[in-house]
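Subject: Structure handover

Hello,

Here is the structure you asked about, followed by notes on what was found in it. Please keep it open while you read.

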Amino acid sequence: MQQLLYGVAYYDEYMPYERLDEDIRMMKAAGINLVRIAESTWSTHEPQNGVFDFTSVDRVLDAMHKAGISVIVGTPTYAVPTWMVKEHPDVLAETPNGPGRYGARQIMDIANPTYLFYSERIIRKLIGRVCGHPAVIGYQVDNETKHYHTSGPNVQLQFVKAMKNKFGTVERLNEEFGLDYWSNRINGWEDFPSVVGTINGSLGAEFARFQRGLVTEFLAWQASIVNEYKHADQFVTHNFDFGWRDGSFGVQPDVDHFAAAEALDIAGVDIYHPSQDLLTGKEISYCGDSTRSLKGSNYFVLETQAQAFPHWTPYPRQLRLQAFSHLASGANMVEYWHWHSIHNSAETYWKGLLSHDLGPNPTYEEAMTIGRDFARLSSKLIHLKKSNRAAILVSNEALTALEWFRLPGGKAAYNDIVRLMYDRLYEMNIGCDILHPGSQNFEDYDLIVVPALYAASDELLSRLNRYAENGGRIVYTFKSGFANEHIKVRTDAQPGLIGEACGVRYSQFIEPKSVSLKGDPFGVGADNNDVTVWMELLTPTTAEVLAWYDHPQWGQYAAITENRYGKGIATYIGCLPSEAVMGKVLERACKDAGLWGLDQELAFPLIVKSGTNEEGRTIRYYFNYSAGTKSFAYPYAKGTELLADRPVSQGELIELERWGVAIIEEETKI
């Protein structure tokens with residue numbers, strides 16, 4: 001691939017009247033060079049069992065090829081046709097809420113043999129038909145796949161088999177999960193109950209891990225089928241999505257992205273986010289860093305918003321800002337969901353690049369400028385290589401564990417803590433990769449940030465201790481090291497094994513009421529000095545205390561500590577602090593780790609991201625995530641501002657208009 005891909009999801013089947021030629025004309029005018037098709041319309045391609053009609057696919061492929069627009073074909077398996085459910089109602093997922101009902105998408109049991117039979121058939125029919133077409137450059141397997149909480153009898157049976165393979169005996173299973181409690185002990189595999197009603201967090205979390213494994217197996221199975229047909233110059237990808245909070249927010253609880261990505265040639269992602277006055281770029285950055293880290297390489301944005309909901313319709317310049325923000329994190333593709341606004345059904349008001357009148361509009365006209373710049377600058381911006389020295393360790397297991405044992409009041413969950421830390425690094429312009437418990441490259445980083453690692457194996461905690469001992473800088477939050485990988489609480493003083501590196505211990509924890517940090521140690525002011533939700537009563541053993549609790553009863557306990565351990569330093573944050581305090585703690589850690597440089601002279605809403613292009617030159621992106629003009633002195637070696645195609649000198653004042661972007665390529669090769 002030698003050009004940036006700028007595309008849209010396209011559904012000729014949804015159009016209210018014939019306009020394929022007009023759509024292509026408008027796409028070409030906007031610089032669109034890619035469309036994704038077919039992933040949503042199984043019932044069109046197979047209207048009756050065994051009756052296939054790929055007319056819509058054929059006509060779009062032929063028309064796109066004639067226009068010089070590339071195509072990604074999606075396997076249409078995430079929304080099942082009516083005939084299948086009528087003939088085989090068991091293909092619908094049985095969940096803790098009861099039997100499935102037809103209507104929505106993603107309602108099937110991805111482990112059901114009948115569903116898998118029909119899925120394989122449609123995949124082979126479709127991909128076998130299109131794989132030789134010159135317009136097709138790759139394939140998307142399924143769509144935003146998750147396990148959909150499938151937990152019916154066939155899934156329970158598979159789970160019992162998996163437990164036999166993993167634990168060998170019911171005695172070991174009972175011991176690891178503490179199943180004697182409330183007479184939950186299982187005395188024979190044949191007596192294994194459905195996990196749907198379990199009150200045992202260890203067993204429930206193990207089932208959640210098993211369900212995530214179903215997704216990994218399902219995507220690998222689809223990829224293996226497509227691989228039988230794809231040509232050497234074609235790829236297989238998938239559009240992962242994330243936990244949701246008015247947009248893509250944090251770790252996806254129902255998929256292990258790192259495991260599922262192994263079967264793909266290129267990792268793909270769907271990224272949605274607040275807009276207008278709430279546009280910060282944080283979701284684009286977090287999701288992009290996460291996806292780039294899956295395979296350590298460039299990735300595809302297979303879906304992102306054009307207009308979408310009324311409160312997401314972008315202000316002028318925001319669409320450009322968003323598009324280049326994706327590239328700055330390492331994307332080689334920006335693709336909108338979707339081309340045209342749909343005139344009926346569930347997503348009527350999730351608007352595409354075109355509004356319901358299907359004519360030009362300000363968002364489309366701004367997209368035209370992006371398309372021109374992508375085409376002109378592809379050779380400079382494609383395949384951006386990033387080398388970050390900071391990382392954040394995230395864990396599906398810790399997320400699940402904190403769902404079973406929630407923080408008081410339900411005011412904060414695992415992803416809140418992840419984003420509390422990640423967002424502060426983003427605001428300080430600290431480039432970040434994403435690690436997972438199986439990562440073996442901790443030593444590649446000078447700083448590792450570890451949010452709420454509640455469930456973790458001894459092996460993982462020992463590796464983190466060695467990382468610090470060997471000179472790494474590590475920052476933990478509360479709830480780290482507390483339980484093992486089966487959510488069995490450790491019998492040692494907390495925080496377990498990492499207490500050695502952190503130089504603290506505690507045995508009590510409380511929900512804070514009217515608690516702050518004594519003496520405002522980070523200078524954030526009274527409004528930002530409170531402790532909320534959770535506090536551990538820390539006693540330092542070898543650690544230096546950075547902050548004490550300010551409370552008449554708990555004032556003798558430490559809140560935040562720092563400990564020199566071997567050649568490194570470990571910080572432990574025993575409470576949920578404000579954004580301002582978290583920022584100060586992480587700033588201190590970044591400085592200790594040698595990560596404080598010229599980029600840190602700027603801070604949000606001025607965001608800096610950088611990497612190396614294929615010519616070996618440094619590319620620096622500067623973004624203004626605000627509605628006001630911002631300026632700064634460019635601190636690096638001379639280069640060229642690519643959007644305006646003008647020279648830039650060291651020390652020159654750069655002015656960014658509201659929601660503006662500048663891209664500077666340094667003159668000297670690395």
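A disulfide is counted where two cysteine sulfur atoms lie within 2.5 Å of each other. By that rule, this predicted model holds zero disulfides. Two of its cysteines show how the rule works out. For Cys-502, the closest cysteine sulfur belongs to Cys-575, and it is 14 Å away, so the two are too far apart for a bond.

Next, the barrel. Eight strands form a closed barrel in the order E1-E2-E3-E4-E5-E8-E9-E10, and their pairing is parallel. From one strand to the next, the twist averages 30°. To see one of these pairings, look at strand E1 (residues 5-9) and strand E2 (residues 34-37), which are joined in the parallel sense by three bridges. Within this pair, Val-8 has Val-35 of E2 as its bridge partner.

Helix H3 (residues 55-67) touches E2, strand E3 (70-74) and strand E4 (136-140), and its direction makes about 175° with that of E2. Helix H10 (residues 282-295) touches strand E5 (235-240), strand E8 (266-271) and strand E9 (299-304); the angle between its direction and that of E8 is about 165°.

Thr-313 sits in the loop between E9 and helix H11 (318-328). Gly-250 is 63 residues from Thr-313 in sequence, and their C-alpha atoms are 23 Å apart in space.

Last, a pair of helices. Two packed helices are described by the angle and the distance between their axes. The axes of H11 and helix H12 (residues 362-381) come within 9 Å and cross at roughly 30°. Angles under 35 degrees count as roughly parallel, so H11 is roughly parallel to H12. Their crossing is right-handed. Among the residues making the contact are Leu-319, Ala-323 and Phe-324 of H11, and Ala-367, Ile-370 and Phe-374 of H12.

Regards

Technical notes: Residues are numbered from 1 along each chain as its sequence is written. This is a predicted model: local features need pLDDT of at least 70, side-chain atom pairs count only at pLDDT 80 or more; totals for chains, interfaces and linings use all residues. Side-chain values use heavy atoms; hydrogens and water are left out. Two strands pair if DSSP finds at least two bridges between them. Helices (H or I, at least four residues) and strands (E, at least two) are DSSP runs, numbered from the N terminus. Axes are lines fitted to C-alpha atoms, for helices over the stretch in contact, and angles run from 0 to 180 degrees between N-to-C directions. Contact means heavy atoms within 4.5 Å. Angles under 35 degrees count as roughly parallel, over 145 as roughly antiparallel, 65 to 115 as roughly perpendicular and the rest as oblique. A crossing is left-handed if the near helix is turned anticlockwise from the far one by less than a right angle, and right-handed if clockwise.
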